[in-house]
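Please look at the chain shown below, and keep it in view while reading the report that comes after it.

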Amino acid sequence: MTAQVAFDLRGKTAVLATMHGKEAAISPLLQRLLGLRVIVPDGLDTDRFGTFSREIPRAGSALDAARAKIEEGFARVPGSTIGIASEGSYGPHPDVPYLPLGHEHVLLIDRHTGLELVGRHVGAALHMAAARATSVDEAIALAERWRFPAQGVLVMRLDGEQPSPRRGIHKELRTLPALQQAVARIVAEDGAAWLETDLRAHRNPPRMRWIRRATLDLVRAFRSRCPACERPGFVRSSSVEGLPCASCRQPTSTIKAFVRACVSCGHQACEPVDVAWADPALCDLCNP
Ligand SMILES: [Zn+2]
Ligand SMILES: [Zn+2]
């Protein structure tokens with residue numbers, strides 16, 4: 001059997017371990033582009049691996065959580081050889097103050113071949129926002145700015161200045177009157193309420209688009225075969241700076257090449273960018 005045949009996924013059954021409607025973003029692409037038959041098991045509670053609203057903290061990394069979900073999926077659908085799960089991870093941007101950074105991962109594990117592939121999408125997460133409101137009007141203005149009700153909004157009680165889902169959280173508000181009522185009750189008791197965008201995929205349309213992009217990245221990773229071992233997953237792993245300046249010909253901090261590495265055998269190759277010179281405007285010597 002050649003590697004090409006061994007890694008053909010067409011007609012294979014994949015278990016997608018998800019709740020919150022992520023299959024709408026993931027399944028059609030995997031069916032159409034990889035030929036997988038995707039099953040979503042009923043009654044899977046992926047919230048026990050961690051929730052965005054923090055009642056249940058996530059143990060370990062986003063990929064650890066995705067692996068745990070896939071494990072659970074295999075237990076539910078023993079006939080499947082392929083497991084898929086997605087996990088997002090959101091936090092402060094390392095360089096830009098007040099800008100949240102989001103990472104979406106879609107993980108594929110083939111338990112026959114041991115292949116593990118990750119599709120990613122990373123960006124400034126404008127769909128993650130939070131604020132304190134001391135009146136119903138203030139809360140409505142926030143909710144409307146965030147495009148509620150198309151975009152879900154969570155309303156929480158505060159413990160001092162800190163949002164405290166343990167003291168009280170409304171996760172299933174669907175209408176403006178329901179949101180008004182929830183905020184009014186909390187403000188009457190505590191003087192302020194905490195509002196934030198719901199990051200659960202089915203309540204966050206931009207996040208659903210990001211998960212779709214991460215799925216496409218996974219398909220690209222699958223299609224990129226390693227020249228040494230022929231397995232899928234010959235993907236960009238790092239970049240090399242030093243593209244020479246078009247004016248002074250000295251190396252700049254602009255990327256001159258990407259390194260591709262095989263997720264299975266570790267084979268590496270350098271992939272130069274398709275431009276020869278860096279813009280002098282980005283050169284530290286010409287434009288300090
Ligand atoms: Zn220069
Ligand atoms: Zn390889």
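This is a predicted model: local features need pLDDT of at least 70, side-chain atom pairs count only at pLDDT 80 or more; totals for chains, interfaces and linings use all residues.

Residues are numbered from 1 along each chain as its sequence is written, chains are lettered from A and ligands numbered from 1 in the order in which they are written, and side-chain values use heavy atoms, with hydrogens and water left out.

**Domains and a helix**

The chain is divided into domain 1 (3–126 + 205–223), domain 2 (130–197) and domain 3 (237–282), with bounds that come from an automatic or database domain assignment. Between the C-alpha centres of domain 1 and domain 3 the distance is 30 Å.

Helices (H or I, at least four residues) and strands (E, at least two) are DSSP runs, numbered from the N terminus. In helix H2 (residues 23–34), the buried residues are Ala25, Ile26, Ser27, Leu29, Leu30 and Leu34, where buried means under 20% relative accessible area, exposed means over 50%, and partly exposed lies in between (1.4 Å probe, protein chains only). The cover over these buried residues, judged by contact (heavy atoms within 4.5 Å), includes strand S1 (13–16), strand S2 (37–39), strand S3 (82–92) and helix H6 (205–223). After H2 comes Gly35, which has a positive phi, near 75 degrees.

**Salt bridges**

A salt bridge is a side-chain nitrogen of Lys or Arg within 4 Å of a carboxyl oxygen of Asp or Glu, and a search of the whole structure finds 16 of them. The table gives three of these pairs.

| Pair | Closest N and O atoms |
|---|---|
| Glu116 and Arg67 | 2.7 Å |
| Arg132 and Glu161 | 3.8 Å |
| Asp190 and Arg157 | 2.9 Å |

The salt bridge between Glu116 and Arg67 links distant parts of the chain, with Glu116 in strand S5 (residues 116–124) and Arg67 in helix H3 (residues 62–76), 49 residues apart. Glu116 is partly exposed at a relative accessible area of 30%, and Arg67 is partly exposed at 31%.

In the salt bridge between Arg132 and Glu161, Arg132 lies in strand S6 (residues 130–133) and Glu161 in the loop between strand S8 (158–159) and strand S9 (162–163), so the pair ties together parts that are 29 residues apart in sequence. Arg132, with a relative accessible area of 36%, is partly exposed, whereas Glu161, at 54%, is exposed.

For the salt bridge of Asp190 with Arg157, Asp190 sits in helix H5 (residues 176–190) and Arg157 in the loop between strand S7 (153–156) and S8, so this pair ties together parts that are 33 residues apart in sequence. Asp190 is partly exposed at 30% relative accessibility, while Arg157 is buried at 18%. Through salt bridges that share partners, Arg157, Arg167, Glu189 and Asp190 are joined into one network.

On a 1 Å grid over the protein atoms alone, a pocket is an open set of points where a 1.4 Å probe fits, with protein on both sides within 12 Å along at least five of seven lines, and lining residues have an atom within 4 Å of a point. Among the 15 lining residues, the closest to the centre of the second largest pocket are Val118, Asp217, Ala221, Val235 and Arg236. Both domain 1 and domain 3 give residues to the lining, so the second largest pocket lies between them.
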